[in-house]
Amino acid sequence: MVKHGSEPLFPWLHRPLHEALALQAAHALLLHGPDGNGQFQLALAIAQSFVCEARRAGLRVEPSCGACAGCRLFAARTHPDVFILVPDALRETLGIPEAPMGDDIGSVVAAGKAKPSKEIRVDGVRAAISFAQSTSARGFGKTVVLHPAESVNSIAANALLKSLEEPAGRTRYILSCNAVDALLPTVRSRCVKVSVGLPTPDQAVAWLEARGVDQPRIMLAATGGRPIETLQWAASDIDADAWLGIPNQVAQGRVEPFVDWPLGRLIETLQKLCHDWICASIDAPPRYFPRQCLGDPCDVSRLLAWSAQLRNHARHAEHPWQVSLKIDALIQQGHSAFVAPIANEAAQVRGLSGPASLHFTA
Ligand SMILES: [Zn+2]
C-alpha cells in the first residue's frame, strides 16, 4: 500500500505521485489542484520517496519502502534532511509539530507568535534556505516542502527565488497550492508543475463508502466533489438529511438551524445555495443540492444581488461581528432573495405568511 508517513495515500493521488517521481531532474515541483484535494499529503509522499534509503539504494520500491531508517524518521516527522514549512495557523490541522527555531532535527520553524499567522513569512523562508545550504545528515540531499505556496507572502517569495532557481547541493523543493495564479510568475516559472485533479465522483463515492459515510453522493456534491472535506463533514454535525433541508429553511427565513454555525461555513453554504438557485432558475443543473430540494425557479436578478452581498460578507467573514445578529441578517437576506415578487404578491393575496410554502412540495 502506498503511504505518506503512516497514512495510506488517497487513491486519486497515485497518478500525480508517479508523474512527479518520473521528473528526476526537476529540483522544484509545484503541485497544484482544487482546494482540499490532498496536495499536502502528496507533497509528503514525494518527500518520503526522496529520502527512502531503499529506493536510493536502487531497490524497486514504489514510491517508498516504509521500513528503512529514512522512511521511519520521515514517518516520525524527525527526518533531519526534510524541512516542512507551513503557516502557523495550519500547523495543527496538518499535523505538523512545532520545533524550536534552529533545531534541524525537528525540521520545522517555530511559531513563537501570539496569534498564529496564516502566512509563510520571510523568516520561515530564510530558515528553509539556510537548512538547504547545510550538509545533508544522511547523505541523500535535502527536501523542503512549502504548503500552501500561495501563503508565502511577497517578501518571502522574493527571498526564495534564487534558491528555487539554483538550490544548494542536492536540495529539492516541493511547493503545493490551490491557486496557482496567485503565485508570483517568477516562482511559477522556476518550478515543474504537476496537476492534481479531483477524483471522479464514482472513485470518491467508493472511497467514502469504504469509510462508512452515509449517502456519500449527496455529501460529496455538498462539498463540490471534495472527498476529504466530505469525510470531515461526515465526522462533524452535518449529514445528508440536514444538508437537504437547508434550501427550504433559508427560503422560509428560519434562523434557528444555523445559530451555532461558524460564520465562514454559513457564508460558504449560502453561496452554494445561491449558485444552485440561480442554476435552477435558468434551467441549468445545480452543483451542490439535488434539484428537487431547490423549489421553483425564482427571480434571477434578486439572486445575483444576493450573490454580490455574499461575496462582500465573505471578504469580511473574520470581522468581529456580533455573530448572532450577523447570522440572522444572512438568513433574512437569503429569504428575501428567494421571494420572487410575483410569488410574494400571490402570498399576500392569499393571506399566507410567506411564499416558501408555495414553492416547496416536500
Ligand atoms: Zn524507505
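**Helices on the sheet**

In this predicted model, helix H1 (residues 14-22) lies across strand E3 (28-32) and E7. H1 runs at about 160° to E7. Helix H6 (residues 122-133) also packs on the sheet. H6 touches E4, E5 and strand E6 (172-177). The direction of H6 makes about 170° with that of E4.

**The sheet itself**

The sheet is open and has five strands. Their order is E4-E5-E6-E3-E7, and the pairing is parallel. Strand E4 (82-85) and strand E7 (192-195) form the edges, each pairing on one side only. From one strand to the next, the twist averages 15°.

E4 pairs with strand E5 (residues 143-146) in the parallel sense, over four bridges. Here Leu 85 stands opposite Leu 146 in E5.

**Salt bridges**

The whole structure holds seven salt bridges. One of them joins Arg 138 and Glu 53, with the closest N and O atoms 2.5 Å apart. This pair links distant parts of the chain, 85 residues apart. Arg 138 sits in the loop between H6 and E5, and Glu 53 in helix H3 (residues 53-56). Glu 53 counts as buried because its relative accessibility is 17%, under the 20% cut-off. Arg 138, at 32%, counts as partly exposed.

Asp 88 and Arg 91 meet through their side chains in another salt bridge (2.7 Å, N to O). Both residues are buried.

Glu 165 bridges to Arg 190, with the closest N and O atoms 3.7 Å apart. Glu 165 belongs to helix H7 (residues 154-165). Arg 190 lies in the loop between helix H8 (185-188) and E7. The two are 25 residues apart. Glu 165 is partly exposed at 42% relative accessible area, and Arg 190 is partly exposed at 22%.

Technical notes
Residues numbered from 1 in each chain as written. Predicted model: local features only at pLDDT ≥ 70, side-chain atom pairs only at ≥ 80, totals over all residues. Heavy atoms only, no water. Pairing = 2+ DSSP bridges. Axes fitted to C-alpha atoms, helices over the stretch in contact; angles between N-to-C directions. Contact = heavy atoms within 4.5 Å. Salt bridge = Lys/Arg side-chain N within 4 Å of Asp/Glu carboxyl O. Buried < 20%, exposed > 50% of the residue type's maximum accessible area, 1.4 Å probe, protein only.
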